[in-house]
Amino acid sequence: MKIGIIGAGQLGRMLALAGYPLGLRFVFLDQSSDAPGGQVGRIIPGAFDDAAKLAELADEVDVVTFDVENVPVAAIEPVAAKKPFLPPVQALGASQDRLHEKTLFRQLKIPTPEFMAVDSIEDLRAAVENIGLPGVLKTRRLGYDGRGQFYLKKASDIETAWQTLGSVPLIYEGFVDFSREVSIIGVRSTRGETLFYPLSANTHSQGILRYSIAPYRNASLQKQAETYMRRLLKHLDYAGVLTIEFFVRGGKLIANEMAPRVHNSGHWTIEGAQTSQFENHVRAILGLPLGSTRPNGHSAMMNFIGSIPELGNILRVSGVHFHSYGKEPRPNRKLGHCTINAPSPTARDRALQQLLRLKM
């Protein structure tokens with residue numbers, strides 16, 4: 001069978017690497033001919049809204065998936081009408097707009113920060129008055145890795161925030177004074193089989209995921225996360241991998257956002273779980289039996305952002321597995337990652353600290 005992937009970034013590349021041992025083949029659609037996916041499959045050059053190129057991709061494959069969220073829903077609907085498109089268009093659409101996403105969470109009784117839509121400076125003033133400070137003004141679309149956000153700490157920040165972001169539809173959210181950030185990755189197949197990975201605890205720097213540790217063992221939080229994930233999977237009639245990122249406050253989860261795809265915080269599963277998120281995504285969209293999500297020991301994942309230390313220094317760390325994406329270095333760009341797999345939390349944490357001390 002052949003799978004088409006819209007987007008040929010590192011996530012698409014890792015999907016193909018997971019699928020090749022199963023005898024699957026992959027074709028990508030991407031504007032960049034030297035994107036990471038091109039290392040493992042053919043890239044059809046084209047924009048994500050190019051109807052002719054999307055049709056070419058669909059004609060060549062058995063099922064279509066994606067590794068990015070900024071794929072226009074209107075452009076995808078003709079593809080989904082002729083070939084299985086998974087995860088479903090409805091999930092893609094909900095994840096593209098923070099207001100629609102938060103509204104869906106509320107509809108499904110998944111806790112969120114307080115939020116209000118902002119389309120004018122008067123709306124922003126009203127939102128700050130109703131929700132309070134501090135808060136975060138965010139673009140409703142296309143913000144990721146910390147982009148498209150402005151933190152308001154005092155009333156005098158309103159004007160600056162509006163001048164910075166006010167040219168597009170926005171959402172204002174109350175600031176969550178959290179103790180930890182966690183994420184859960186769930187997977188549901190076209191046959192309805194559903195499994196969950198253990199929570200990972202995530203640490204960000206300048207809005208970009210720096211490292212994750214897993215499993216993050218907390219039975220209460222795991223149960224909450226799986227309950228909320230189940231509601232989304234069922235409501236969306238989902239197939240594939242789905243990720244929800246949460247804030248932890250007072251022993252309760254508050255949903256930040258979801259990603260209808262394989263996710264950076266799940267890279268630890270490549271070596272750290274019996275079946276990786278990438279292989280299970282492929283299995284799920286093809287209706288194959290899902291693989292076990294049970295962890296192998298104790299794991300961590302660390303991103304290399306902007307530059308990569310000397311390879312020899314990375315590989316000296318016990319239990320480390322290095323993954324390069326083959327990208328040209330530039331500031332704030334994810335160039336690769338390491339996973340660590342260790343027999344104990346102590347050994348894992350020791351190895352992670354060694355990696356964090358390496359000069360980038």
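Strand E4 (residues 63-66) is covered on both faces. Val 63 and Thr 65 lie on one side, Val 64 and Phe 66 on the other, and all of them are buried. The model is predicted. E4 is joined to strand E1 (residues 2-6) by 4 bridges. These two strands run parallel. Within this pairing, Gly 4 stands opposite Val 64 in E4. Val 64 is also one of the buried residues of the strand.

A further set of strands forms an open sheet. Strands of a sheet pair through backbone hydrogen bonds, either parallel or antiparallel. This open sheet holds 4 strands in the order E5-E8-E6-E7, and its pairing is antiparallel. Strand E5 (115-118) and strand E7 (149-152) are the edge strands, each pairing on one side only. On average, neighbouring strands of the sheet are turned by 20° against each other, direction ignored. E5 and strand E8 (residues 170-174) run antiparallel and are joined by 4 bridges. Phe 115 has Glu 173 in E8 as its bridge partner.

Two helices contact this sheet. Helix H7 (residues 157-165) packs on the sheet and touches E5, E6, E7 and E8. Its direction makes about 175° with that of E7. Helix H5 (residues 98-107) lies across E5, strand E6 (135-139), E7 and E8. H5 runs at about 150° to E5.

Salt bridges were examined next. The structure holds 12 of them. One involves the side chains of Arg 42 and Glu 60, with an N to O distance of 2.5 Å. This pair links distant parts of the chain, 18 residues apart. Arg 42 belongs to strand E3 (residues 42-45), and Glu 60 to helix H2 (residues 51-60). Arg 42 counts as partly exposed because its relative accessibility is 40%. Glu 60, at 28% relative accessibility, also counts as partly exposed.

The side chain of Asp 59 meets that of Lys 82 at 2.9 Å, N to O. Lys 82 counts as partly exposed, with a relative accessibility of 44%.

The side chains of Glu 173 and Lys 138 meet in a salt bridge, at 3.1 Å from N to O. Glu 173 is in strand E8 and Lys 138 in strand E6, and the two are 35 residues apart. Glu 173 is buried, with a relative accessible area of 3%. Lys 138 counts as buried because its relative accessibility is 7%; the cut-off for burial is under 20%. The pair belongs to a network. Salt bridges that share partners join Lys 102, Lys 138 and Glu 173 into one network.

Note on methods: Residues numbered from 1 in each chain as written. Predicted model: local features only at pLDDT ≥ 70, side-chain atom pairs only at ≥ 80, totals over all residues. Heavy atoms only, no water. Pairing = 2+ DSSP bridges. Axes fitted to C-alpha atoms, helices over the stretch in contact; angles between N-to-C directions. Contact = heavy atoms within 4.5 Å. Salt bridge = Lys/Arg side-chain N within 4 Å of Asp/Glu carboxyl O. Buried < 20%, exposed > 50% of the residue type's maximum accessible area, 1.4 Å probe, protein only.
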